[in-house]
Structures are given as C-alpha cells and as structure tokens.
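Keep the structure open as you read.

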Amino acid sequence: MTKRKIAIACQGGGSQTAFTAGALKALYDNGFGEHFRLTSISGTSGGALCAALVWYALLKGDDDVPGRMMALWADNTAQTQAEEHFNHYITESLRATNRGQLPQFNFSPYSPLLQTMMSLSTSQLRPHFTDFHALLSKHIDFDELAASGPRPDLPALLLGAAEILSGQQVKFNSREQSIRIEHLLSSCAVPNLFPAVEFDGGAYWDGLFSDNPPVDELAKAAFVGADNLPDEIWVIKINPTGCNTVPRAPEQILDRRNEMVGNMSLFHQLNSIGFLNDLLRRGAFNTDFLNQFQITEPVLIPRCFENEPAQPYHIPFIEMSQALQDDLDYESKLDRSPENLGRLIRDGESQARQFLNGRMSALELG
C-alpha cells in the first residue's frame with residue numbers, strides 16, 4: 001500500500017515546545033512510520049530544534065526516531081538541586097517583573113555586566129544546561145553533517161530564522177546546504193536573550209515573529225523536491241488561537257501579545273495555501289501551468305479557526321489541550337523545571353495519539 005505523504009511544521013515557543021517533542025514521540029511510537037511517509041519537516045526556534053533532531057535520527061537510521069530528541073530534552077531539563085534553584089530564580093523573577101512587583105532593568109545580551117553575572121551564577125551547573133552550543137553539539141555531529149553535504153535523499157528539513165540586516169525571512173534547507181550549528185542557533189536566538197548569530201556575512205535572530213513555522217515552502221517542489229510534495233501538512237501548534245477574556249493585567253497583555261505575534265505568520269501562510277487550494281479545486285489554472293510546479297491537487301492544511309466551513313483538504317492542528325493552554329503563562333516558555341517540561345511532553349503525547357487515531361480512522365473510512 002502506498003503511504004500517504006506528510007509534511008510536519010513545528011511552531012516555536014521556548015520551553016513550551018516540549019509539547020512538540022511529546023507529540024513527535026507519540027506519532028512515531030504509535031505507527032506513523034508504518035502508515036505515512038514523512039516528506040519534509042520544518043520548525044522555528046524550539047520547533048526547529050525538535051524538527052532537526054527527528055531529521056538527524058532519520059539520517060542516522062535510528063530505530064527509535066524520537067530517541068535523540070528526547071535525550072536532548074532530558075539534558076535541557078533542570079536535573080540537580082542547583083539547576084532547579086537557578087531555574088526557579090529566573091522564572092519567578094521574570095514573573096514578578098512582568099506583574100510589576102519588581103523594577104525592570106533592561107540589559108543587552110552584549111552587556112559585559114550581564115555576561116559576567118550569568119557566568120558566575122551558572123559556574124556550578126552542567127554545561128549542557130547552561131550552554132546551548134554545547135547542548136546542540138552533544139546531540140548532533142555537525143562535523144559529520146558538513147562532510148556529508150546537502151541531503152536531497154532525505155525528507156527536507158527547513159529551519160526558519162530572520163536576517164537582521166536585510167530584514168528578510170530565511171529558511172535553511174537541508175536539500176541545498178549542510179545543516180550547521182549556526183542555523184539552529186539562529187532560529188533560537190531570541191533578541192532580548194541572545195546576541196545575534198553572525199556568519200557568512202549575515203546576522204540572524206529567532207524567526208518566531210516572522211516565520212513561525214515555515215509552511216508555504218512545504219508545498220513547493222522548489223524547496224522540498226517534486227517527490228516530496230505532501231498530501232497533507234500537519235502543524236504542531238504551540239500558541240493558542242483565541243482567549244476567553246480581554247487581558248488586563250500587564251503579564252496577561254504580554255502573554256497574549258506574544259501568542260498573537262507567534263501565530264500571525266502561520267495564519268497568513270495557511271490562508272494563502274487555502275486560497276490557492278480553492279483556485280485549484282475550481283479549475284482556475286491550466287494543466288501546463290500546474291505541471292511547471294509539479295502540482296496535481298490541493299494539499300491538506302489545518303483550519304485556522306474552529307468556525308471556518310469544512311473543506312475536503314482541511315484537518316485539525318495538533319495542539320495543546322484546553323486545560324494546559326489555560327494554565328500556561330508567558331514565563332513558562334523559559335521554565336525548564338521537570339514539572340513544567342514533563343506536563344508539556346505528556347500532553348503532547350496524549351494530543352498526538354488522539355490526532356493520529358483520528359487521521360487513520362478517517363483514511364480507513366475514506
């Protein structure tokens with residue numbers, strides 16, 4: 001039986017993308033590889049991290065595809081008492097500041113004072129907990145990737161970032177270049193926390209506010225290859241679409257603003273694909289034109305809003321349970337405690353199992 005071709009896009013959101021790790025783990029633990037073929041995977045920030053580790057596991061031929069990803073998240077979790085105290089201090093200080101209970105001091109990530117303070121406060125902690133470069137290098141052999149060059153033989157990996165000097169969105173593509181540590185560092189470089197990642201004449205920040213995550217490209221042969229055009233695009237979504245009440249407190253406003261900014265590029269991309277799908281279904285393009293782009297039929301995409309009319313190519317997002325969405329705040333995106341990451345991973349596993357069962361049932365009925 002021919003496997004249905006799937007592209008997966010992983011939205012970013014700091015520590016909250018532990019949900020994505022749980023979701024990807026559950027997909028592979030529950031038969032995704034037996035019933036579907038991954039044609040491409042994209043991500044931004046924490047979503048890029050999860051996507052890259054799944055892709056790297058496929059490159060290495062791992063029997064346990066999510067194993068490397070989960071090992072990194074274990075290393076990224078506060079493990080010792082000192083790490084838990086450090087994590088608690090950071091998240092609770094930020095929470096108090098955002099509530100107006102502590103004065104706010106703005107430091108540049110380039111500040112020598114800030115760098116000295118961080119160096120002293122983390123000197124007794126594991127390097128893999130405090131040094132993102134060291135964490136990535138432990139779990140991905142970038143020298144091996146440099147030696148192997150571009151990998152058009154694998155599912156396409158696309159990592160989203162923003163180039164500061166030109167103001168342009170950037171997608172690092174495994175089919176076109178070797179995946180480098182700078183690519184992942186760029187996608188995760190939150191401007192207020194990390195210096196810009198500078199290499200090859202460019203300077204890069206986190207792509208959260210510009211391309212979260214790359215979706216359009218997953219349906220274009222120029223990016224993923226003609227053989228990797230998907231039948232469906234699945235989006236593992238971190239930021240909730242709506243909220244129940246108007247935010248009034250400072251920390252509520254900050255949280256909701258962050259969620260909305262993180263969703264805007266995603267919705268713009270999905271609306272564009274949806275419009276093109278409508279044109280395809282209504283015969284707006286001639287066959288010769290479509291053949292130039294290897295397009296034969298609409299691609300399945302998620303609904304942006306629950307009240308949208310059902311369409312044959314629409315499927316739901318994989319997103320957090322409502323109970324977890326309601327319990328999270330902005331500061332949880334920096335919280336690396338076992339409790340916070342554990343509940344996110346468990347919810348990702350639960351939501352992805354339900355999603356996968358629903359997709360498989362729908363295909364059987366179809």
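Helix 4 and helix 8 are roughly antiparallel to each other, because their axes cross at roughly 150° and an angle over 145 degrees counts as roughly antiparallel. Helix 4 covers residues 67–75 and helix 8 covers residues 132–139. Their axes come within 10 Å. Axes here are lines fitted to C-alpha atoms over the stretch in contact, and angles run from 0 to 180 degrees between N-to-C directions. Helices are DSSP runs of H or I with at least four residues, strands are runs of E with at least two, and both are numbered from the N terminus.

This is a predicted model, in which local features need pLDDT of at least 70, side-chain atom pairs count only at pLDDT 80 or more, and totals for chains, interfaces and linings use all residues. Residues are numbered from 1 along each chain as its sequence is written, and side-chain values use heavy atoms, without hydrogens and water.

Helix 4 also meets helix 1 (residues 18–29). Those axes come within 10 Å too, and cross at roughly 150°. That makes helix 1 roughly antiparallel to helix 4. A crossing is left-handed if the near helix is turned anticlockwise from the far one by less than a right angle, and right-handed if clockwise.

| Helix pair | Axis distance | Crossing angle | Hand |
|---|---|---|---|
| Helix 4 and helix 8 | within 10 Å | roughly 150° | right-handed |
| Helix 1 and helix 4 | within 10 Å | roughly 150° | left-handed |

Which residues touch? Contact means heavy atoms within 4.5 Å. R68, A71, L72 and D75 of helix 4 meet L135, L136, K138 and H139 of helix 8. This contact has four nonpolar, one polar and three charged residues. On the helix 1 side, A18, A21, L24 and K25 meet M69, M70 and W73 of helix 4. Here six residues are nonpolar, none is polar and one is charged. Ala, Val, Leu, Ile, Met, Phe, Trp, Tyr, Cys and Pro count as nonpolar, Asp, Glu, Lys and Arg as charged, and the others, Gly among them, as polar.

Now the strands. Strand 3 (residues 156–163) pairs with strand 4 (residues 168–173) in the antiparallel sense, over six bridges. Pairing needs at least two DSSP bridges. E163 stands opposite Q168 of strand 4. Four residues lie between the strands in this hairpin, and G167 takes a positive phi near 75°.

The N286 side chain reaches the backbone nitrogen of F289 at 2.7 Å.

Note on methods: Parallel < 35°, antiparallel > 145°, perpendicular 65-115°, else oblique. Polar contact = N/O pair within 3.5 Å; in protein donor to acceptor, adjacent residues only side chain to side chain.
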